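Q: I have a model open and want to go through it piece by piece. Can you take my questions as they come?

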Amino acid sequence: MSTAAPTAPARPRVAREIDLRAVAPFLALALLLVLGTLANDNFLSIANLTNVITRSAFIAIIAVGATYVISSGGLDLSVGSMVAFVASLMILFLNSGTIADPTTNLLAGVVLAIVIGALCGLANGLIVTLGRIEPFIVTLGTMGIFRGLTTWLSQGGAITLRDRDVQSLYRPVYFGEILGVPIPILFIAATAALAAFVLYRTRYGRHLLAVGSNEDVARYSGLPVGRVRTLAYVVQGLCVAVAVLLYVPRLGSTTATTGTLWELQAITAVVVGGTALRGGVGRIWGTVCGAFILEIVGNIMLLSNFVSEYLIAAIQGAIIIVAMLVQRSLARRS
Amino acid sequence: MSDVQSRGSGSDSAPVLEARGLSRSFGPVEVLGNIGFGLKAGEIHAIIGENGAGKSTLMKILSGHLAPTRGDILLDGEPVRFSGPVEAEARGIVLVHQEILLAPDLTVAQNIYLGREVSRGLTMNDRAMNEGAAEAVRSLGAALDPRATVARLSIAQRQIVQIARSLLVPHRVVIFDEPTASLTPHETEALLRVIGDIRAKGVGVLYISHRLPEVKEIADRVTVLRDGRLVATHASAELQPADMARLMVGRDVAKLYPERHAERAPEPVLRVEEFTVPGHAEAASFTLNKGEILGFAGLIGAGRTELMEGIVGLRPGHGSIHLNGASARFPSVHASLKAGIAYLSEDRKGKGLLLAKDLATNLTLAAVERFRRGIGIDRRRERAALDTAIRDFDIRTGRTDLLAGQLSGGNQQKLLIAKMMLLDPRIVIIDEPTRGIDIGTKQQIYSFIAGLAAEGRSIIVVSSEMPELIGICDRILVMRSGRIVGEVAGERMTEDEIVVLATGVETREAA
């Protein structure tokens, strides 16, 4: 009962602890940069670093969406399959030649990918909220459905972008640069900036964090809880679509295994970035940092000879556990 | 220690548990200073004080949850240091927490024996545990199925389970932290009887409560804390509840309830007819007038909260609602808020506030669209609103960047009222407005409620504290088993009348 008096002086400690948890991923990133430099002289070169960040774009962008879902108290396991499904439909559309002009065709394809991504997210969200089913189960189901549909569309093989004109038009979106900055990096920055603005500065973001923090309080405060939760999955779907927009010009092809295990990498990036799995807190920039960390660890393993690169998945698995332990120990200092 | 200390009635035996010069600081702030008192075997010793007076800190120190900064705890005259609550419990000091700490998905017996399960070979001896649990619950004067899931029990029943769990270990000192805060008069009476039985077994009982008549009734001695200091220890025979309140607050609080406005002609704003919330409330009909404070009395489980939740769209229900003469339906809280009806939940911590978020976020949560600038939220206006709310509702917080969970119960309630008043509702439904709140803050909450009514708003107060309903309401409706069974007003607004209606039994001989 008498919490007022003792907590007043305890507050500075709480403030420091929260800061520490927000800063921890960036400290880890800095530490990795030092380690990488020690391991290989080429590591710290601009060329290598931009290359690494560029390659992290898919996971970083998907993980930004996952931050929304997770901070709303949900989970989306279907993102990896969703990438394959959306990319396949996009390529099939571009190949279909419905629109003769390559530029118009490509733009239509982009719009189509975004719409399909949003619809896939909407489906996840509606099944979770209207069906009142655990997000884990729902997205486990849709993960299978998207994967299965992709396999069926490709008949077990690959779906490849065939139109040369579209290819040459589209290629720079992944491989091009603006003012020396690779376009995928700009995509990451734009997606994260927009997502951070919406999450931290708008009414929807406030509602989302409230729902993730305590759904009852949100309901009793008159918030549209179902709509808020559903929209989080739509945001996730949109982020998947943006990732697809970068993925298609890179490889120009999808198979039944496209995006396999990306959901786990995305969740890892979110958690490493300092977002709590129980919801209520979302750290967009931490998530982006988490995605960089995953990619940089892989890169260091490739450049150095300490550890076999075949162990990358194992190391990434270890990272998520270590990140949780660090978070836990920081939380315990209160 | 304290020069006003007087010898209590009780026995002359040496204290079983004694505090000597106990102090506790958090950083530079001393929240407890130089506390000294003794608890004898076979006595009930009440500790009273306002929120922030240091009661809970003292209890936490005595039960091993906190270490004192200075001073000693003596058990049977020997200084002891507890490494934690487990050690204190092993030495026979058990604390019955105010908050209910049970696993809702486990059964009564599983909860009571959690962590000390009875085994038979490799498997658990469920039969022994169920029998033991039933016996433990029975010894507290209650009847509960040990196989019932805790999630299905009422708050009062859960409290019984919690007490049974605490008393399962051998104990010499039992500390009750506001055990009756959420109990109805009947349940309170039963619990006080149980505590009396514990005393009769020669156990020392430390009893913390805000309910002074109850303290007067059962305590042998009373120790009063104010601002972390011990004000006095008296035999309770020497004190009337009003004296206790004066010692706690440091000033006279005779006028707990505000003066009410003059009578005005009834002008109905809300008419509810034949409203049913399946499983909880049956065909409830009532009218709420402009500027009126309407009370809802009844036992816990009578369906008052559920009826209100049904009306504002938090639960499925059917029936007709007329708002200002026009038929209305509220499929969601959003709709009822929009129509100007605000509901403040009895469960402040679970349903009212986001404890892990800051004060401004909590304040504006329901009205956040009013703080928009473009598509973003205007933080500066939010902070200004917080400053206004802190001033208007006297929210006592040293700093404005605290989390809601760091406020005391009374200040949380003020914040919750401020949050809902941002929406400028014409009808305010407050469920258990002063549960777990000290007497000084209660007085303030009552005057806020009276002030809202004086502004022409209409108020519904749902409460299990009959004196409070009688003190502030114009009329009181009494519910029993989901039905509104009567209305009392004016001269007939007495505890006896309400109890008769609420229980359906004539409990007093003089009728």
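Q: What are the conventions here?
A: This is a predicted model, in which local features need pLDDT of at least 70 and side-chain atom pairs count only at pLDDT 80 or more, while totals for chains, interfaces and linings use all residues. Residues are numbered from 1 along each chain as its sequence is written, and chains are lettered from A and ligands numbered from 1 in the order in which they are written.

Q: Back to H3(A): how far does the helix reach from its first C-alpha to its last?
A: H3(A), residues 57-71, has 15 residues and reaches 21 Å, close to the 21 Å expected at 1.5 Å a residue. The expected span is 1.5 Å times one less than the number of residues.

Q: How many of the residues of H3(A) are buried?
A: 15 of the 15 are buried, so H3(A) is largely enclosed by the rest of the structure. Buried means that 20 or more other C-beta atoms lie within 10 Å of the residue's own, exposed means 12 or fewer, and partly exposed is in between; C-beta atoms are placed from the backbone.

Q: And H9(A), which residues are buried there?
A: Pro184(A), Phe187(A), Ile188(A), Thr191(A), Ala192(A), Ala195(A) and Leu199(A). They cover an arc of only 115° around the axis, which puts them on the same side of H9(A). The arc is that of the directions from the helix axis to the C-beta atoms.

Q: What is on the face turned away from the buried side of H9(A)?
A: That face carries the exposed residues Ala190(A) and Leu194(A). Ala190(A) has 12 other C-beta atoms within 10 Å. From Ala190(A) to Val166(A) is 24 residues in sequence and 24 Å in space, C-alpha to C-alpha.

Q: What is the span of H9(A)?
A: Its 19 residues, 183-201, should span 27 Å at 1.5 Å a residue, and the end C-alpha atoms are 26 Å apart, which agrees.

Q: Switching to the core. Which residues touch the most other members of the largest one?
A: The largest nonpolar core has 167 residues, and those with the most contacts to other members are Ile61(A), Ile62(A), Val83(A), Val86(A), Val244(A), Ile429(B) and Ile449(B). Helix H12 of chain A (residues 225-251) gives the largest share, 17 residues. A nonpolar core is a set of buried Ala, Val, Leu, Ile, Met, Phe, Trp, Tyr and Cys residues joined through C-beta atoms within 7 Å.

Q: What is Ile429(B) in contact with?
A: Leaving aside neighbours within four places in sequence, Ile429(B) is in contact with Met308(B), Val312(B), Ile341(B), Ala342(B), Tyr343(B), Leu344(B) and Ile460(B). Contact means C-beta atoms, placed from the backbone, within 7 Å. A second, separate core has 70 residues, including Ile44(B) and Leu225(B).

Q: Is E15(B) itself buried or exposed?
A: Mostly covered: 6 of its 6 residues, 293-298, are buried. Ile293(B), Gly295(B) and Ala297(B) point one way, and Leu294(B), Phe296(B) and Gly298(B) the other.

Q: What does E6(B) join?
A: E6(B), residues 93-96, is joined by 4 bridges to E9(B), residues 173-177, and the two run parallel. Val94(B) stands opposite Val174(B).

Q: Which residues other than glycine have a positive phi?
A: Asp227(B), near 50°, is one of them, and Glu274(B), also near 50°, is another. Asp227(B) is in the loop between E11(B) and E12(B) and is partly exposed, with 16 C-beta neighbours inside 10 Å. Glu274(B) is in strand E13(B) and is exposed, with 11.

Q: What is the pLDDT like in chain B?
A: pLDDT is the predictor's confidence in each residue, from 0 to 100. Chain B averages 86, and 94% of the residues score at least 70. Residues 1-11 of chain B stay under 50, and over residues 507-511 of chain B the pLDDT is also below 50. Where pLDDT is low, the predicted coordinates should not be read in detail.

Terms used:
Contact = placed C-beta atoms within 7 Å. Pairing = 2+ DSSP bridges.
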